[in-house]
Amino acid sequence: MIVQGSPVNRRRALLLAAAIPALLGLSLLLGPSGVGLPDTSSISGRAIIDLRLGRFVMGMLIGAALSTSGTVFQAILRNPLAEPYVLGVSGGAGLGAALSILVGGGILGAAGLPVTAFFFAVVTLFAVYAIAGQGGGMPSVYSLILSGVIVSAICSSVIMFLVSTANVEGMHTVMWWMLGNLQPSSWGDQFVALLFIASASVALWLLAPALNVLTLGREMAHYQGLNAGTVTVSSLLLATLLAATAVSMGGMIGFVGLIVPHVMRAIFGPDHRWLVPASAFGGGAFLVLCDALARIVMAPIEIPVGVVTALAGGPFFLIVLRKRMKYAWND
Amino acid sequence: MPGMTELGASALAFRGVTAGYKGRTVLHGVDFGIAEGEFVSLIGPNGSGKSTLLKTATGLLKASEGSVEVFGREVSSLKPRERASLIGVVPQKLDSPMAFTVGEIVMLGRNLRGRWTGLEGRDYDSVEKAMIYTNVFDMKERRFNELSAGEQQRTALAMALAQEPRIIMLDESIAHLDINHSQEVLRILMNINREERITVLLVSHDLNLAAQVAGRLMLVQQGRLVKNGSPEEVMQSDLLSRVYDCELRVRRDPFSGNPVVSGALDEMLRRPAVRKRLHVICGGGSGIELFRRLSIEGFEVTSGVLNRLDSDAEAARALDIPCVLEQPFSAVGDEAFRQAAAMVSQADGVVIGPVPIGPGNLVNLRLAAEALAAGKPVWIASGLDKRDYTPGKEAAEMSAKLRNAGATEWKGIQELTALLNRAWPESQR
């Protein structure tokens, strides 16, 4: 097998896989109500276990979705800055989710929130593309990122406007949701999200060889026998679905979609056949760990998990990247 | 078509192909054929449409008219994977933003074949063979962007070869390599062309290199195929001088017998320190190109009388050309004329550019008449009667007089420089 580092990668993948049950254990043991497994014979104990398990599932799902989405955006745009936030996708999803929370998306049931969020995210993505590509033809990466930042800013202003005009209850819900948290929704919601995230991730993993070729640019991909346009559009849509589902579930959790893909690329190399699953599990594990910290650092007060991802994750990942960036990106 | 007879089936055929980008047509009715096993080089000036032709040949760009056939099949009807197994492309520079190793990059040439089924032993064999052929096998564990430019291009070539294509197209792929590395890549190409009978289409702006390795040259100019034939047929100094719009000479290499083209730089070096001086009569932008070309040809150039703020006056200032100036928008006065006449008396000859002549600058023609009277040669741009804005058509009359007195007419800079060369052979300048 010519693919470099495969035995090494296999070892690293095993480590990552082994980390997940450990994190599950940790997740069940830690909480604002105290360290240790709660008494399962009491109703409140069972509720706590249930809650902690839910947090674990939420963390895994949202982390995996954000991180996989970031990995794919970075591959398609061939740019280390790309991630759902930068492209305005998260902003659009957030706007959709805020509308859904305030106005209500009742008819769609459990899928209402993610579907509205996805719809808005896709509309945003198209708007970003349309603005960036005004000159005709494929827009450049720089104009995409620039228009993404602009559209993102517009979306957050609209959210602010909606919040300011909402009633107290709605305002509270949206603000709390926007801060980013892993408060589990109903098991039904989680099941729908699992369905979305798992199928989109697997589809992207199947597209991994195509993503590898696409990193050489759309023109080279054409020469290598890839239908570059179709693959670009379908993987962008799948990545948008992931980001939108994550945002609709956990609100605006930053940092995961940008930095976890970089670290995973530094550890596993740029081959997307390894990178896509590694990012999914790595992102999930990272978010679960951050959430565990968020619950206990200032117990019984919980801090929003988004704060922890940046504050605790930032320095750690910077160290990793300083050492291993050359295995991820060229210059 | 040349080269088609003894060789195999058609590898690439353009039939009346017109193609381009949104709102800009680049190729106009291009017609040619390449037979399987040929080594053809596509040459032409920058911006002549070479890369567009390549993009059209690979189906990246759709022809708006005509048809492009690859091994007898319309390129747009090929499935992406079929297309990749027929055509391999080596780009100008392969750019991999992510840190892939050489082995991984070459593998990408094969990657999409086993997308659903996984790669087989045959795929690995093909990749290994391509790496051995291009001499990158030893560096397969190294990261692509740590390689030198030559090694990177060999890797790109290996990636294209791993596709096992029947035709390989190279887009200026060796343009930025030093002589050692470009020779190495060319050797590999000639080998695969001879041994594996892979057709090669090499886009190049290095004429000598193209003529050295290719069996046939195709010369494009402004989106049209102007010459298609053997290196001897295409490497003609007048043809190349016209297409590249500069003085070029073709000699034979004493060792290989290949035609070799060279510019006029070597002659410039042999020029004596004392140079001929030419006074240029121009105005309204007609002198800019004259100033530039005459200076490059090694003449000392003076000019006047020009009006201040005239674009020629600005150009003269920028090029440090001594120049007699008159106030803006006013007729040439006596003082300026006297100065210009003194300047002309110092010159070895006078060139009259394609300048419109009105009552204000009619006296400038008298400068030329004085030069003729002093026995100095004068070259006058043809068609002055069409640029005559004097009320009594005095300029046209004057021009006829000048010609009767021995002034030579010229059309286009190319002709002027030829005339100047005849008057003063290089050795005397």
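## Terms and model

Two strands count as paired when DSSP finds at least two bridges between them. Strands (E, at least two residues) and helices (H or I, at least four) are DSSP runs, numbered from the N terminus.

This is a predicted model, in which local features need pLDDT of at least 70, side-chain atom pairs count only at pLDDT 80 or more, and totals for chains, interfaces and linings use all residues. Residues are numbered from 1 along each chain as its sequence is written, while chains are lettered from A and ligands numbered from 1 in the order in which they are written.

## The six-stranded sheet

Chain B has an open sheet of six strands, ordered S6-S7-S8-S3-S9-S10, with mixed pairing. At its edges sit strand S6 (87-90) and S10 of chain B; each has a single partner strand, so one side of each lacks a neighbour in the sheet. From one strand to the next, the twist averages 20°.

Helix H1 (residues 50-57) of chain B lies across strand S3 (39-43), S7, strand S8 (199-203) and S9 of chain B. H1 runs at about 150° to S7(B) (axes are lines fitted to C-alpha atoms, for helices over the stretch in contact, and angles run from 0 to 180 degrees between N-to-C directions). Contact here means C-beta atoms, placed from the backbone, within 7 Å.

## The four-stranded sheet

Another open sheet in chain B has four strands in the order S2-S1-S4-S5, and its pairing is antiparallel. Strand S2 (24-35) and strand S5 (73-74) of chain B are the edge strands, each pairing on one side only.

Further in, strand S1 (residues 10-21) and strand S4 (residues 65-70) of chain B run antiparallel and are joined by five bridges. Ala13(B) has Glu69(B) as its bridge partner in S4(B).

Which residues of helix H9 (residues 237-244) of chain B are buried? Leu240(B), Val243(B) and Tyr244(B) are, buried meaning 20 or more other C-beta atoms within 10 Å of a residue's own (exposed is 12 or fewer, partly exposed in between, with C-beta atoms placed from the backbone). The three cover an arc of only 85° around the axis, so they sit on the same side of H9(B); the arc is that of the directions from the helix axis to the C-beta atoms. Their cover includes strands S9 (216-221), S10 (224-229), S11 (249-252) and S12 (259-262) of chain B. After H9(B) comes Asp245(B), with a positive phi near 55°.

Arg366(B) belongs to helix H14 (residues 363-373) of chain B. Arg366(B) is partly exposed because 16 other C-beta atoms lie within 10 Å.

Methods
Two residues are in contact if their C-beta atoms, placed from the backbone, lie within 7 Å.
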